[in-house]
Amino acid sequence: MPKRLALAAAVTLLALPFSVAAGAADGSAPTATKVAAEAKPYKVEGGKVDPGTYNGYRRYGESCLRCHGPDGAGSSYAPDLTDSLKHMDYDTFAETVINGRKNVNTANNNVMPSFGTTEDVANYLDDIYGYLKARSDGAIGRGRPQRIGD
């Protein structure tokens, strides 16, 4: 199970008793799913990123940049991932990266290969997602991010 999925499951289980007991300001109890969904897969402080997000930047540059362009901004060959992640959740992202995708019809001939057996991608999928999500959310700009503590 990827780190992010395990973390989301743990947060869901831990948050459930508190959300039921505490309740929200409007009298309703926030759901554990909502609590888990609001957690960001990255940390940015003063424009600097956590080690996982920085590692995601490095891994993206090694395995994804040649098709999706610098900083996830897309190319003539593959889509803008910063836009895609505005509408795509982690599970869909992971499914697409691990298993690939074919969009072949009369107007398109797009194929994303599977990266499920590429260790530098599969083992660091959470970090890559965190980096791209930070870019998508506008939390970090283009170019090499600085690390917290540097």
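Q: Let's start with Cys64. Buried or exposed?
A: Cys64 counts as buried, because its relative accessibility is 15%. The cut-offs are under 20% relative accessible area for buried, over 50% for exposed, and partly exposed in between, with a 1.4 Å probe and protein chains only.

Q: What's the mean pLDDT?
A: The chain has a mean of 81, and 71% of its residues reach 70 or more. pLDDT is the predictor's confidence in each residue, from 0 to 100.

Q: Where does pLDDT stay under 50?
A: Over residues 5–26, for which the model has 20 contacts beyond four places in sequence. Contact means heavy atoms within 4.5 Å. Where pLDDT is low, the predicted coordinates should not be read in detail.

Q: OK, the overall layout. How many helices and strands?
A: There are 8 helices and 5 strands, and from the N terminus on they run α-α-β-β-α-α-α-α-β-β-α-α-β. Those are DSSP runs numbered from the N terminus: helices are H or I with at least four residues, strands are E with at least two.

Q: What about the sheet, which strands form it?
A: E1, E2 and E5, in the order E1-E2-E5, as an open sheet with mixed pairing. The edge strands, each pairing on one side only, are E1 (44–45) and E5 (146–147). Two strands pair if DSSP finds at least two bridges between them.

Q: How many bridges join E1 to E2?
A: 2 bridges, and E1 runs antiparallel to E2, residues 48–49. Val44 has Val49 in E2 as its bridge partner.

Q: Switching to the core. Which residues touch the most other members?
A: In the largest nonpolar core, with 21 residues, they are Tyr60, Leu85, Phe93, Val97, Leu125 and Leu132. Helices H3 (51–63), H6 (90–99) and H8 (125–137) are the elements that give two or more residues to this core, and H8 gives the most, with 6. A nonpolar core is a set of buried Ala, Val, Leu, Ile, Met, Phe, Trp, Tyr and Cys residues joined through side-chain atoms within 4.5 Å.

Q: What is Leu85 in contact with?
A: Leaving aside neighbours within four places in sequence, Leu85 is in contact with Phe93, Tyr129, Leu132, Lys133 and Ser136.

Q: Last one, Arg135. Where does it lie?
A: Arg135 lies in helix H8. Arg135 is buried, with a relative accessible area of 12%. Beyond four places in sequence, Arg135 is in contact with Asp71, Thr82, Ile140, Gly141 and Arg142. Arg135 and Asp83 are 52 residues apart in sequence and 9.2 Å apart in space, C-alpha to C-alpha.

Conventions
Residues are numbered from 1 along each chain as its sequence is written. This is a predicted model: local features need pLDDT of at least 70, side-chain atom pairs count only at pLDDT 80 or more; totals for chains, interfaces and linings use all residues. Side-chain values use heavy atoms; hydrogens and water are left out.
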